[in-house]
Amino acid sequence: MTTDASAQAGLLTRLRTGGPDTDDLDARILDAALAEFETYGLRRVSVEDVAKRARVARTTIYRRFTNKEQLLQAVILREVRRFLTAIAEATEGLPTPEDAVVEGFVVGLRGARTHPLITRVLQSEPDAFVAQLGMNGGAVLLAARDILAGRLRRARPGSGEDCETVAEVLLRVALSLLLVPGGGLRLDDEDDIRAFARAHLTRMLRPVDGCDPRATAS
């Protein structure tokens, strides 16, 4: 396995399982780093800035995080876990895969549009946002895809559906809406997003036993 593949596998495992628990000092450092990145962006923040906000010595941070890049990845990892947990919780009790597609898309897009770090980076450093998504072979995207695909599979077991592809397309549509706002799609509020997802995105799900699955969700 190559170094990149190992890094991807490790990140995927931590995203899916939650990874090792952080102690109070780790949480304090990550909270401080998140606040700095939200305020000043990714490039302008230094480890010294984080240390001042966290009220710790720089050496304390370096003992736990090798460099600024590792600290940034730890912050992103924690935020992604929270993001994926919100999507999983919002779709877990729904009766059909169509409902899971719709509500997962709504919750995901709403969460991304209102997350302070994402909005800050998209405004000032969109290239940095794309770079982080592609980190370690796109492990963040793959983990999100697998969580949503698992929910679709539980809603319709044994269907033989390519749930991974459906889930990844949903995520890529949401990302395109974040990166390139505007255009002809009017998706300004949750009702608009929900209607769009119901009318268009659920079409990716195959009919079962010759019936249109969307009919069961109406």
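Reader: By class, how many nonpolar, polar and charged residues does the lining of the second largest pocket have?

Author: This is a predicted model. In it, the lining of the second largest pocket has 5 nonpolar, 2 polar and 3 charged residues.

Reader: Which residues line the second largest pocket?

Author: The lining consists of Arg113, Leu177, Leu178, Pro181, Gly182, Gly183, Leu185, Arg186, Leu187 and Asp188.

Reader: And what volume does the second largest pocket have?

Author: About 220 Å³.

Reader: Switching to rings. How many aromatic pairs does a search of the whole structure find?

Author: The search finds 1 aromatic pair. Phe105 and Phe196 form it, with 6.2 Å centre to centre and 40 degrees between the planes, a tilted arrangement.

Reader: Where in the chain are Phe105 and Phe196?

Author: Phe105 is in helix α6 (residues 97-114) and Phe196 in helix α11 (residues 190-200). They are 91 residues apart, and the pair links distant parts of the chain.

Reader: Is Phe196 buried or exposed?

Author: Phe196 counts as buried, because its relative accessibility is 14% and the cut-off for buried is under 20%. Phe105 is buried as well, with a relative accessible area of 4%.

Reader: Salt bridges next. How many does the structure hold?

Author: The structure holds 19 salt bridges. One of them joins Asp99 and Arg198, with the closest N and O atoms 2.8 Å apart. This pair also links distant parts of the chain: Asp99 is in helix α6, Arg198 in helix α11, 99 residues apart.

Reader: What is the relative accessibility of Asp99?

Author: It is 13%, so Asp99 counts as buried. Arg198 is partly exposed, with a relative accessible area of 28%.

Reader: What about Arg53, which side chain does it meet in a salt bridge?

Author: Arg53 meets Glu36, at 2.6 Å from N to O. Arg53 sits in helix α3 (residues 47-54) and Glu36 in helix α2 (residues 24-40), 17 residues apart.

Reader: Which residue does Glu79 form a salt bridge with?

Author: Arg78, the closest N and O atoms being 3.8 Å apart. Both Glu79 and Arg78 are buried.

Reader: Last one. Which residues are linked in a network of salt bridges?

Author: Glu103, Arg110, Glu190, Asp191 and Arg194 are linked in such a network.

Terms used
Residues are numbered from 1 along each chain as its sequence is written. This is a predicted model: local features need pLDDT of at least 70, side-chain atom pairs count only at pLDDT 80 or more; totals for chains, interfaces and linings use all residues. Side-chain values use heavy atoms; hydrogens and water are left out. On a 1 Å grid over the protein atoms alone, a cavity is a set of points where a 1.4 Å probe fits but cannot get out, and a pocket is an open set with protein on both sides within 12 Å along at least five of seven lines; lining residues have an atom within 4 Å of a point. Grid points are joined across faces, edges and corners, and a volume is the space filled by probe spheres set on the points. Ala, Val, Leu, Ile, Met, Phe, Trp, Tyr, Cys and Pro count as nonpolar, Asp, Glu, Lys and Arg as charged, and the others, Gly among them, as polar. Rings of Phe, Tyr and Trp (its six-membered ring) pair if their centres lie within 6.5 Å; planes under 30 degrees apart count as stacked, over 60 as edge-to-face and the rest as tilted. Helices (H or I, at least four residues) and strands (E, at least two) are DSSP runs, numbered from the N terminus. Buried means under 20% relative accessible area, exposed over 50%, partly exposed in between (1.4 Å probe, protein chains only). A salt bridge is a side-chain nitrogen of Lys or Arg within 4 Å of a carboxyl oxygen of Asp or Glu.
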